[in-house]
Amino acid sequence: MILAFDGRTGAAGDMILGALLAAGADRDALAPVEERLPIEYDVSRVTKSGVTATAVDVLLEHDDESDPGHAEGHGPSRSYDEVVEIVEGLNLSKEVERDARSVFELLAEAEAAIHGVDVTDVHFHEVGADDAIADVVGASLLFADLRADRVVTTPVSAGGGEVSTSHGTYPVPAPAVVQLAERADWRLVGGPVDRELLTPTGAAILAHFADGVDTLPELSVTGSGFGAGDADLTDRPNVLRAVIGAAAGRLRREEITVLETNLDDATPETLGGLHERLREAGALDVSVVSTTMKKSRPGHLVKVICRPGDARRVARALAIETGTLGVREHGAGHRWVANRRHETVELEIDGESYEVGVKIASTVDGEVYDASAEYDDAAAVADETGLATREVVRRAERRAGVETDARR
């Protein structure tokens, strides 16, 4: 499934939340934030220039009826480390916590570049507020709930005119938005009105989650909707549209970056545990290749594939785990990957029932082309039944609905 945003009237944190809910995300997915922070998401339906859209206001514990508290900048200033500590305290899944942290890491890197300081010295003002934290974590929860295989956006409109920040008044787009657009895969465009349409929070969320496309892709639509912004424009609705559906095509495109380092003193124990440690940090794939180092000494080349937003954290984990003095980054590229899901099939052998896990691979439009039985499961069944492991594998894959000799 592909989730596509139409960015022609910009994006903000609350607009992204509204668009995701309108496209089919479950409102209950936001519960972890409301249960652990003094925050409530007020979801309503509004009309923007004749278009019905979903509005999301973040209500803070100290808000009253005259102060809804949904504008960015409402709340205290916090350091990057303080924001990360709050996110880590929400007891989120690893996937959601990693996404939320990556968004704030992008924001911190943008602020650090603007002010010429280290990331750890960054203090958030607008984006360190409670409602901005609710926007970022809430969006991460809703993206996880929709479980799209790929997220894309058309060019995102920044608006025009001037914008007031904690550091003064700047021309639109704000400096942080420009820095974030530089790190994003999508294109930034000016206009179509003289007011800020793309906020730093909205830009950071899209920079982490979305690939850029020129137009909405060809989709068999299963859900759609609009997220409302807080502006009332004269000639167009201030909304962010989201469309979700199955794509026509073979494999999905996934943005990646490649990290690597050479090791000449790594122990077998270190190398053996490296895959799990790096995957916990966000690595998508890890490979270790034997090689020859200087003076013909044996060594290892460690190569790691990860999402661009996870590169800093994965590189740090690689350095800590191996003691390497440097990690090379090859820059962002992409890979074409299949959709993957896991199923458990039941085999009946000599009157007894056994379960074997099977990994199913399919194209983005649902064509299943491969099934791979989990070897450990098959080996355990083989031990109990006396069958050959390869025979258990064959039966499990056949049971899953894909003939192993028909792979292509």
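What radius of gyration would a compact globule with 408 residues have, and what does the protein have? Keep that question in mind as you look through the views of this predicted model.

**View 1. The whole protein and its overall dimensions.** A compact globule with 408 residues would have a radius of gyration near 22 Å, and the protein has 24 Å, which agrees. As you trace the chain, you can look for 11 helices and 20 strands.

View 2. Of the 408 residues, 50% count as buried. The protein exposes about 19,500 Å², and carbon and sulfur atoms supply 44% of that area.

**View 3. Contacts along the chain.** Take the contacts in the protein with a separation of 6 or more: residues 24 or more positions apart account for 69% of them.

**View 4. The largest pocket and its centre.** This pocket has a volume of about 1,700 Å³. It is lined by 46 residues, and the closest to its centre are Asp 99, Arg 252, Glu 254, Leu 284 and Arg 307.

**View 5. What lines the largest pocket.** Helix α4, which covers residues 94-115, gives the largest share of the lining, with six residues. Sorted by kind, the lining residues of the largest pocket are 24 charged, 17 nonpolar and five polar.

Notes: Residues are numbered from 1 along each chain as its sequence is written. This is a predicted model: local features need pLDDT of at least 70, side-chain atom pairs count only at pLDDT 80 or more; totals for chains, interfaces and linings use all residues. Side-chain values use heavy atoms; hydrogens and water are left out. On a 1 Å grid over the protein atoms alone, a cavity is a set of points where a 1.4 Å probe fits but cannot get out, and a pocket is an open set with protein on both sides within 12 Å along at least five of seven lines; lining residues have an atom within 4 Å of a point. Grid points are joined across faces, edges and corners, and a volume is the space filled by probe spheres set on the points. Helices (H or I, at least four residues) and strands (E, at least two) are DSSP runs, numbered from the N terminus. Ala, Val, Leu, Ile, Met, Phe, Trp, Tyr, Cys and Pro count as nonpolar, Asp, Glu, Lys and Arg as charged, and the others, Gly among them, as polar. The radius of gyration is taken over C-alpha atoms; the globule rule is 2.2 Å times the number of residues to the power 0.38. Buried means under 20% relative accessible area, exposed over 50%, partly exposed in between (1.4 Å probe, protein chains only). Contact means heavy atoms within 4.5 Å. Accessible areas come from the Shrake-Rupley method with a 1.4 Å probe; for residues, only the protein chains shown count as cover.
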